[in-house]
Structures are given as C-alpha cells and as structure tokens.
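Hi everyone, thanks for coming along. Today I'd like to walk you through one structure, piece by piece. Let me put it up on the screen.

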Amino acid sequence: MNAFKAFKASVPIAWSPNLYITLVRGMPGTRRLHRRTLEALRLRKCNRTVMRWNTPTVRGMIQQVKRLVVVETEEMYKARKQKMEEHRALRPPLVINHLPAPSSASAS
C-alpha cells in the first residue's frame with residue numbers, strides 16, 4: 001500500500017468544494033488523450049499538486065486519468081501537509097552525558 005492510499009485510509013472523507021489533484025505516475029508511454037487531459041488539468045510534472053473546483057467537468061477529467069493521479073479533498077490535503085510539517089520540524093537535541101552518574105551512597 002503506497003503512502004497516499006495509507007493516508008487516505010486514515011482521514012475521514014468529507015465533501016469539499018475544492019479538489020487537490022497530484023500526478024503520481026509519469027506521462028511517458030500514456031495515450032495522447034490522457035496527456036492532453038493532464039495538460040488541461042495543468043499537471044506537467046510528477047508529484048505536483050494542483051487545486052481545482054469540484055465540478056462535473058473536472059471529475060470527468062479525473063475519471064479519465066484516475067490511474068495516473070491521486071485526488072484529495074481540502075481537509076485531507078491540509079492534514080497531509082500538517083503531518084509533513086510536523087515530521088520536518090526541528091526536534092530538541094539529544095543530550096548524552098558520558099560521565100558516570102553520581103551515586104548517593106558513596107557521597108554520604
């Protein structure tokens with residue numbers, strides 16, 4: 001299961017006025033009609049995301065190239081971006097003390 005499918009499985013799907021479409025497979029070797037559809041959606045490079053309105057026209061275009069793209073709702077997109085930001089955030093440094101711990105028994 002790829003990362004997008006795993007993420008989509010963990011987020012509840014709600015209706016959204018906007019759709020976030022990500023091209024996840026390359027265009028070389030695809031049909032001309034599919035390449036033209038991706039061009040109309042303004043998807044030119046792999047792993048690029050575009051936002052389109054949730055209209056019947058756009059849904060039909062997505063249906064035509066569904067094996068090449070991943071579609072997310074606004075809520076799913078924001079949750080994925082937030083998760084990526086949390087993953088990339090700076091973490092507190094590890095402090096390792098190599099000195100032996102002071103024993104309380106020998107001090108008294």
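Before we start, one term: when I say that two parts are in contact, I mean that they have heavy atoms within 4.5 Å of each other. And please keep in mind that this is a predicted model.

Three strands make up an open sheet in the order 2-1-3, and their pairing is antiparallel. Strand 2, residues 49-53, and strand 3 sit at the edges with a single partner strand each, so one side of each has no neighbour in the sheet. From one strand to the next, the twist averages 30°.

For those new to this, strands of a sheet pair through backbone hydrogen bonds, and they can do so in a parallel or an antiparallel way. Here, strand 1, residues 18-23, pairs with strand 2 over five bridges. If you'd like to find one of the partners, look for L19, which has R52 in strand 2 as its bridge partner. Strand 1 also pairs with strand 3 over five bridges, and there you can see T22 opposite V70.

What about strand 3, is it enclosed or open? Four of its five residues, 69-73, are buried, so strand 3 is largely enclosed by the rest of the structure.

Now for the helices. Helix 4, residues 74-88, lies across strand 1, strand 2 and strand 3, and runs at about 100° to strand 3.

Which of its residues are buried? They are H34, T37 and L38. Looking down the axis of helix 2, these buried residues fall within an arc of 100°, so they line one face of the helix. The face turned away from them carries the exposed residues R32, L33 and R36. And what covers the buried residues of helix 2? The cover includes strand 1, helix 3 and strand 3. Just after helix 2, you'll notice R42 with a positive phi of about 65°.

In soluble globular proteins, nonpolar side chains tend to be buried together. The largest nonpolar core here has 13 residues, and I21, L23, L38, L43 and V69 have the most contacts inside it. Strand 1 gives the largest share, three residues. Take L43 as an example: among the residues that L43 touches are I21, L38, V50 and V69.

That's my tour, and I'm happy to go back to any part of it.

Key. Residues are numbered from 1 along each chain as its sequence is written. This is a predicted model: local features need pLDDT of at least 70, side-chain atom pairs count only at pLDDT 80 or more; totals for chains, interfaces and linings use all residues. Side-chain values use heavy atoms; hydrogens and water are left out. Buried means under 20% relative accessible area, exposed over 50%, partly exposed in between (1.4 Å probe, protein chains only). Helices (H or I, at least four residues) and strands (E, at least two) are DSSP runs, numbered from the N terminus. Two strands pair if DSSP finds at least two bridges between them. Axes are lines fitted to C-alpha atoms, for helices over the stretch in contact, and angles run from 0 to 180 degrees between N-to-C directions. The arc is that of the directions from the helix axis to the C-beta atoms. A nonpolar core is a set of buried Ala, Val, Leu, Ile, Met, Phe, Trp, Tyr and Cys residues joined through side-chain atoms within 4.5 Å. Lists of a residue's contacts leave out its neighbours within four places in sequence.
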